[in-house]
Amino acid sequence: MDLSTGQTIRKDLRLNWIIYLMALPVIAYYLIFHYGPMYGLLIAFKDYSPAEGIWGSHWVGFKHFDSFFNGIYFWRLIRNTVLINVYDLIFGFPAGIILALLLNEIRKMMFKRFVQTISYLPHFISIVVVAGMMFDFLSRDGLINQLIGMFGIAPIDFLKESGWFRFIFVSSGIWQGVGWGSIIYLASIANIDPTLYEAAKIDGASRWRQIFHITIPGIMPTIVIMLILNMGNMLSVGSEKVLLLYNPLTYETADVISTYVYRKGILEASYSFTAAVGLFNSIISLILIVSANAISKRVSENKLW
């Protein structure tokens with residue numbers, strides 16, 4: 001570091017010390033809870049024993065990775081995790097964009113705020129409560145079966161039939177997150193220059209043409225950034241809701257990497273094995289997000305970094 005650079009940094013710290021002071025808790029959080037524990041990844045290459053500690057445990061190399069890759073559940077876990085994320089990407093990701101576009105076209109502000117409030121509320125409902133609602137609605141004597149029974153359809157055990165799990169998981173996630181997910185797109189739409197719409201109206205463009213030729217291109221950078229971030233989660237499915245909704249009858253389609261790690265790591269105390277699985281998951285997620293960013297950078301001007 002040359003002298004001028006050092007002087008610039010000191011000057012910036014002196015002028016903006018309050019801002020840096022406000023950032024300290026966030027920096028401390030990531031250092032303590034995200035970067036500090038990373039040395040624990042060593043147990044993925046050891047037969048970890050709490051009595052011997054991380055450094056005292058014996059090195060086993062890639063033994064746990066081999067056990068996972070050659071395990072009987074490997075392809076089932078990968079398939080279920082990827083399919084749930086693909087379904088969520090196909091149906092859930094566009095949902096927030098579509099809702100934002102629809103809300104932007106509402107001209108009556110009172111009605112718009114009412115719809116926004118209603119769509120935001122599910123985000124603040126606990127996952128435990130959402131799972132309880134699913135059990136109440138989808139049980140054999142629940143609301144859904146009562147409604148389809150009016151049409152002469154026999155009751156269905158939705159939560160006990162593996163074929164229904166992905167639909168239930170993804171659709172409930174869309175219901176809970178679509179309103180909250182639309183906020184960032186509404187903010188992006190608000191930054192579009194209003195004169196573009198005025199010029200389009202003068203040229204005789206309909207509202208549909210304004211959406212396709214002004215609104216969507218205007219929020220495209222935001223869409224690309226959010227898509228890249230979502231690609232990094234292709235092998236990550238939140239274990240909480242899966243654990244609350246699944247059962248041994250639905251393992252065939254419901255068991256994902258995170259729930260398998262929970263069962264092996266917490267219930268069976270296989271700490272080294274689950275650390276290896278978690279490290280594999282993180283590496284694949286990093287590769288996916290870097291690849292998605294590189295592809296976006298190559299085919300367009302939009303990128304995350």
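These are my notebook entries on what I looked up in this predicted model.

**Ground rules.** I noted that residues are numbered from 1 along each chain as its sequence is written, and that side-chain values use heavy atoms, with hydrogens and water left out. I also noted that, as the model is predicted, local features need pLDDT of at least 70 and side-chain atom pairs count only at pLDDT 80 or more, while totals for chains, interfaces and linings use all residues.

**Helix H6.** H6 has 12 residues and reaches 16 Å from its first C-alpha to its last, close to the 16 Å expected at 1.5 Å a residue, where the expected span is 1.5 Å times one less than the number of residues.

Which residues of H6 are buried? I found Lys 112, Gln 116, Ser 119 and Tyr 120, with buried meaning under 20% relative accessible area, exposed over 50%, and partly exposed in between, for a 1.4 Å probe and protein chains only. Seen down the axis of H6, these buried residues fall within an arc of 95°, so they line one face of the helix; the arc is taken from the directions between the helix axis and the C-beta atoms. I reminded myself that an α-helix has 3.6 residues a turn, so residues three or four places apart point the same way. On the face turned away from the buried side I found the exposed residues Met 110 and Phe 114. The buried residues of H6 pack against helix H5 (74-104), helix H9 (165-181) and helix H10 (183-190), and contact here means heavy atoms within 4.5 Å.

**The largest pocket.** Next I looked up the largest pocket, which has a volume of about 910 Å³. A pocket is an open set of points on a 1 Å grid over the protein atoms alone, with protein on both sides within 12 Å along at least five of seven lines, and its lining residues have an atom within 4 Å of a point. Of the 30 lining residues, the closest to the centre are Asp 88, Gly 173, Ile 174, Gly 177 and Asn 230. The elements that give two or more residues to the lining are H5, H9, H10, helix H12 (207-231) and helix H13 (239-245).

Which element gives the most to this lining? I found that H9 does, with nine residues. By type, the lining divides into 15 nonpolar, 12 polar and three charged residues.

I then turned to Thr 222, which has its place in helix H12 and counts as buried at 18% relative accessibility. Leaving aside neighbours within four places in sequence, Thr 222 is in contact with Ile 184, Tyr 185 and Ser 188.

Gly 232 sits in the loop between H12 and H13 and is buried, with a relative accessible area of 10%. Not counting residues up to four places away in sequence, Gly 232 touches Ser 285 and Ile 289.

In helix H5 I looked at Leu 83, which is partly exposed at a relative accessible area of 25%. Leu 83 and Met 234 are 151 residues apart in sequence but 8.9 Å apart in space, C-alpha to C-alpha.

Leu 243 belongs to helix H13 and counts as partly exposed at 27% relative accessibility. Once neighbours within four places in sequence are left aside, Leu 243 is in contact with Thr 259 and Tyr 262.

**Towards the later part of my list.** Where is Ala 269 found? I placed Ala 269 in the loop between helix H15 (257-267) and helix H16 (271-299), and at 40% relative accessibility Ala 269 counts as partly exposed. I marked Ala 269 for its positive phi of about 60°, although it is not a glycine. Most residues other than glycine have a negative phi.

My last entry is Glu 301, which lies in the segment after H16 and counts as exposed at 77% relative accessibility. Glu 301 and Pro 221 are 80 residues apart in sequence and 8.5 Å apart in space, C-alpha to C-alpha.

Definitions and conventions
Helix = DSSP H or I, 4+ residues; strand = E, 2+ residues; numbered from the N terminus. 1 Å grid on protein atoms, 1.4 Å probe; cavity = no way out; pocket = protein on both sides within 12 Å on 5 of 7 lines; lining within 4 Å. Points joined across faces, edges and corners; volume = space filled by probe spheres on them. Nonpolar A, V, L, I, M, F, W, Y, C, P; charged D, E, K, R; others polar.
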